[in-house]
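Reader: I would like to go through this structure term by term. Please set each value against its definition.

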Amino acid sequence: MAWLPKTENLRLRRLNLADLGIMLFVISLIVALLLAGRVAPEDVLAQSGPFHLSGWALPVDALRSLSRIFVAFLASLLFTIGYGYAAAYTKVGDKILVPLLDILQSVPVLGFLAASVGGFVLVFGPFWGFEAASVFAIFTAQAWNMTFAFYHTLRTLPKDLEEVTSVLRLSRWQRLIHFELPAAIIPLVLNSMMSFGGSWFFLAASESFLYQHRTIHLPGIGSYIAVAQQQGNTAALLTAMAALILMIVAVDQLFWRPLVAWSTKFKMGQVQSQEEPPSSFILTTLRRSSLIQSLRERVVMPIAESLEVRLIRRAVARPPARREWQWVSTALSFGLIGGTVVVAALGAAHVVASDLGLVPRAIVLGFYTLGRVLAAIVLGALWTVPVGVWVGMNARVLRWMQPLAQMAASFPANVLFPLIVVLFIRVGLNLNLGAIPLMMLGTQWYILFNVMAGAMAIPADLKEAGKVFGLRGARIWRELILPAIFPSLITGGITAAGGAWNASIVAEVVVWHGKTLAASGLGALITQSTASGNNVALLVAIVVMSCFVVATNRLLWRPLYRLAETRFHVEE
Amino acid sequence: MAKRQTLLSVDALTKDYTMPGGNPVRVLDQISFGVEDGEFVTILGPSGSGKSTLLRIIAGLVTPSSGEVRYLDQPVSGVNPHVAMVFQSFALFPWLTVQENVELGLKSRGLSVKERHERSLRVIDMIGLDGFEGAYPKELSGGMRQRVGFARALVMEPDVLLMDEPFSALDVLTAENLRRDLLELWLEKRIPTKAVLIVTHSIEEAVYMGDRAVILSREPARVLAEVPILLPHWREREDVRFVRLVDQIYQTLTARPVAADSVFARGRPAPVPAVRAGSLTGMIELLDDLGGSTDLYRLADELNMDLEDLLPILEAVEMLGLGRVREGDAQLTETGRAFAQATVLRRKELFRDTALTNVPALAHIRHQLERHPQHRVGAESFLELFERYYSAEDSRSQMETLIDWGRYAELLAYDQETDQIYLEAETADPKAVPGSA
């Protein structure tokens with residue numbers, strides 16, 4: 001083939017094992033997705049009988065659930081960019097969109113599901129409506145903190161780089177693509193990882209839900225777990241758990257690790273850090289693969305180029321449309337506010353008409369749950385602080401503990417709740433107290449992580465000074481370690497508290513083998529009203545819980561956080 | 001010299017900022033000057049003189065409160081299309097390679113890939129970056145990074161090249177090397193740039209590179225003088241004419257009208273330079289060692305410091321009545337000499353007396369504390385007084401300095417946790433001898 005250009009020859013020869021691996025992976029992914037997509041809508045809709053717990057269906061189910069999570073993740077990303085942009089660059093943004101996001105963040109995830117199923121079914125019809133509602137529930141578990149991260153990045157962009165984009169006369173689109181998005185990659189990847197980990201937790205609840213007094217089981221590993229719990233099938237539950245662990249590890253290795261390694265490229269600052277940057281075998285393989293390289297050069301880059309040229313022409317033809325954006329975000333926020341007000345008014349009228357005692361009852365239950373949330377955090381801190389400090393200060397232990405703890409954190413502990421509750425019953429612990437350790441299972445990891453990071457960051461000179469002045473035992477804890485890790489402890493506590501409120505919904509009611517155990521609490525009220533289709537009670541419970549979350553944030557966490565930032569800030 | 005065409009001009013530029021206290025503060029006041037075709041102009045001024053703001057107004061990044069920027073006698077609004085800019089901090093995108101950074105601006109012009117590559121590679125070669133096209137900024141040294149900054153500006157082939165302290169983040173040798181390279185490109189007309197406008201605080205840099213220096217005053221910035229620099233290139237720093245020019249500009253810069261002392265009630269308090277008591281005593285000891293009086297130029301040399309860093313310290317010394325600057329010389333006063341030779345405790349007493357007489361703001365704080373029944377006042381109430389006239393950042397910095405001086409003089413104590421200023425029990429009586437407790 002002498003007529004081929006030389007480089008072409010080279011390319012072909014360099015097609016290596018890695019390329020084969022990539023092709024194999026892509027093909028099998030396509031096949032698997034096709035398999036997973038083969039669901040007859042009638043099966044779901046007509047499902048009155050049992051959902052089959054066949055071990056063979058499990059991998060396909062798992063893939064379906066994974067697809068939903070990824071679709072939700074994509075939606076979260078798009079939402080993040082749009083909402084974050086509008087919030088950061090418009091006048092209404094700061095005053096309305098940001099506080100609104102704060103409230104959205106405190107609404108329990110499952111509340112969105114129950115509230116939205118009806119609407120989605122109306123718009124998309126029964127089958128796709130259920131799917132959309134399920135994806136939407138996962139979306140609500142992911143989107144808010146990603147949006148906050150993006151918004152925060154946009155508000156703290158380096159001034160000089162902003163000036164460069166102006167002097168070079170980049171259009172809004174070019175600014176977004178070449179500056180704002182790259183600048184936000186690292187916080188976005190980190191927050192996406194957390195969001196993604198959080199969405200496993202709601203898999204079971206987001207796939208089987210009540211619609212017009214019928215339980216819908218969407219095919220997926222979440223339904224599998226729900227049904228296994230319902231039937232009290234320990235073997236099926238353990239199998240599902242194993243499958244989940246496998247999925248989490250696979251997604252971590254194949255998706256997140258390469259992303260994290262890639263994101264280091266976007267680190268701000270001019271100094272090359274001394275630390276070993278995170279690396280990923282997959283990323284290196286992808287980068288070195290000639291297949292990917294030529295795909296990049298021949299397909300991706302030309303398309304990107306021509307798209308950009310087109311966008312510039314439009315931008316040049318029309319001067320930056322600030323007012324249009326203003327209009328979009330004004331409409332968006334007034335729509336949201338108007339909608340919320342109308343819904344709230346209707347809801348309030350409905351509540352008053354049906355049950356007067358509902359609101360006070362929900363508030364009392366809220367205090368029970370608040371007690372559990374705080375107990376879970378205090379108890380969690382009791383063991384995570386010493387362990388976290390020990391690990392954080394021992395580089396060798398840290399190396400193998402960190403990934404392990406990460407895995408434990410993203411593992412949806414609620415899958416195991418029924419098995420643990422069976423144990424509780426044996427030792428005579430009722431769920432009113434038992435819900436606390438259940439909530440801890442899901443939330444203590446956040447504290448552990450942050451304490452580990454805090455202990456790791458204690459400056460060496462402070463440690464040495466402590467030694468020189470003979471600080472030992474309890475005194476070194478009081479004088480050095482506790483003050484130094486205080487800010488990270490608070491950050492961990494805030495995250496854990498958010499998680500614990502959400503966890504209360506799944507921890508305060510446990511179903512096993514057809515029996516239902518419930519604690520008295522707001523989380524239980526939400527689950528039970530969902531299960532019984534009592535939308536009024538559900539609405540009240542959700543609103544009350546959101547109020548509790550906002551109130552504890554304002555009254556407890558924010559002052560603590562401010563204290564941490566001012567008093568206990570260790571200068572680098 | 002034949003009259004050349006005026007390329008760029010600023011006409012009565014004024015910039016006001018509104019302070020947190022609500023008062024507008026003037027940063028730039030009626031600034032007018034022109035840049036001719038083929039001219040290399042430097043803007044010289046002490047720190048805080050708003051010279052970077054001036055450059056940003058010319059670039060169209062900041063809108064003036066009044067006045068206008070003209071290009072070939074046409075008013076320019078929005079981002080100035082005829083300029084490119086080089087930044088003090090380099091301002092490179094860390095995720096783009098050298099070549100991608102250089103090409104970024106060309107992308108907004110909608111050039112084809114081929115054309116972009118050709119133009120960027122030509123500039124990269126010219127500026128001495130070949131071989132580094134694919135490197136990321138993190139992999140480069142400071143000097144190489146600023147070369148990328150130059151390449152990114154030059155590839156746009158601007159008529160006017162704006163530079164904001166482009167060499168001040170570099171070490172001495174690298175800066176000198178880069179200055180020479182840039183000057184060579186300019187003098188040999190290897191770049192199509194028609195004029196260069198550079199902001200700097202280094203007088204030597206201005207005299208070394210420019211055809212003319214526009215000298216700005218401080219608070220607000222006005223044009224103090226325009227000094228033509230007619231020495232032929234390449235200029236030698238040891239040249240008598242060079243030294244004379246530098247000295248002349250030094251004197252113009254430091255011949256500030258003495259600000260009338262004013263208490264808060266009577267208007268804007270004199271700005272307190274952010275200099276800690278430690279640096280103050282160090283400077284006074286040094287001046288004493290040098291015989292109590294010395295040439296500013298020599299002093300800067302002795303300390304290996306830039307004018308930018310030296311001036312605030314001298315200002316503080318002058319404010320406290322410990323020394324003064326006259327016609328390019330810094331000298332100690334009687335009190336200053338006594339201070340230099342006193343013991344640690346005696347120094348504190350001297351400092352306290354002179355501070356109370358010469359720094360009205362400090363006297364005011366002390367007075368308020370004595371009047372207060374608990375001798376304890378929140379710092380924010382004093383901060384507000386500053387914020388009527390200064391930005392939040394400046395006010396905090398001035399307050400911090402006053403607290404530092406007050407602590408050193410044992411005039412006051414400060415509790416950071418409650419943000420309160422108070423009198424310690426043993427110093428509440430103004431006549432008590434400090435340190436006797």
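Author: I start with the largest nonpolar core, which has 202 residues. Those with the most contacts inside it are A:Ala541, B:Ile58, B:Ala151, B:Leu162 and B:Leu197. Its largest share, 16 residues, comes from helix α7 (residues 126-155) of chain A. This is a predicted model: local features need pLDDT of at least 70, side-chain atom pairs count only at pLDDT 80 or more, and totals for chains, interfaces and linings use all residues. Residues are numbered from 1 along each chain as its sequence is written, with chains lettered from A and ligands numbered from 1 in the order in which they are written.

Reader: What makes a set of residues a nonpolar core?

Author: The members are buried Ala, Val, Leu, Ile, Met, Phe, Trp, Tyr and Cys residues, joined through C-beta atoms within 7 Å. A second, separate core of 42 residues includes B:Val275, B:Leu299, B:Leu322 and B:Ala355.

Reader: Which residues is B:Leu162 in contact with, leaving aside its neighbours within four places in sequence?

Author: They are B:Leu55, B:Ile58, B:Ala59, B:Val83, B:Ala84, B:Met85 and B:Leu197. Contact means that the two C-beta atoms, placed from the backbone, lie within 7 Å.

Reader: Why is B:Ala91 called buried?

Author: B:Ala91 has 24 other C-beta atoms within 10 Å. Buried takes 20 or more, exposed 12 or fewer, and partly exposed lies in between, with C-beta atoms placed from the backbone. So B:Ala91 is buried. Its phi is near 55 degrees, a positive value in a residue other than glycine. B:Ala91 lies in the loop between β6 (83-86) and α2 (98-107) of chain B.

Reader: Why does B:Ala12 count as partly exposed?

Author: B:Ala12 has 13 C-beta neighbours inside 10 Å, so this residue counts as partly exposed. Its phi is also positive, near 50 degrees. B:Ala12 lies in strand β1 of chain B.

Reader: How do you know that β1(B) and β2(B) pair?

Author: Two strands pair if DSSP finds at least two bridges between them. Strand β1 (residues 6-18) and strand β2 (residues 24-36) of chain B have nine, in the antiparallel sense. One of the bridges joins B:Ser9 to B:Gly34. β1(B) also pairs with strand β4 (residues 66-71) of chain B, antiparallel, over five bridges. There, B:Asp11 has B:Glu68 as its bridge partner.

Reader: Where is the kink in α19(A) centred?

Author: The kink is centred on A:Gly442, at about 50 degrees. The bend is the angle between axes fitted to the seven residues ending at a residue and the seven starting there. α19(A) is mostly covered, with 21 of its 26 residues buried.

Reader: How many residues does each chain give to the contact between them?

Author: Chain B gives 21 residues and chain A gives 25. The largest share of the chain B side, three residues, comes from α2(B).

Definitions and conventions. Helices (H or I, at least four residues) and strands (E, at least two) are DSSP runs, numbered from the N terminus.
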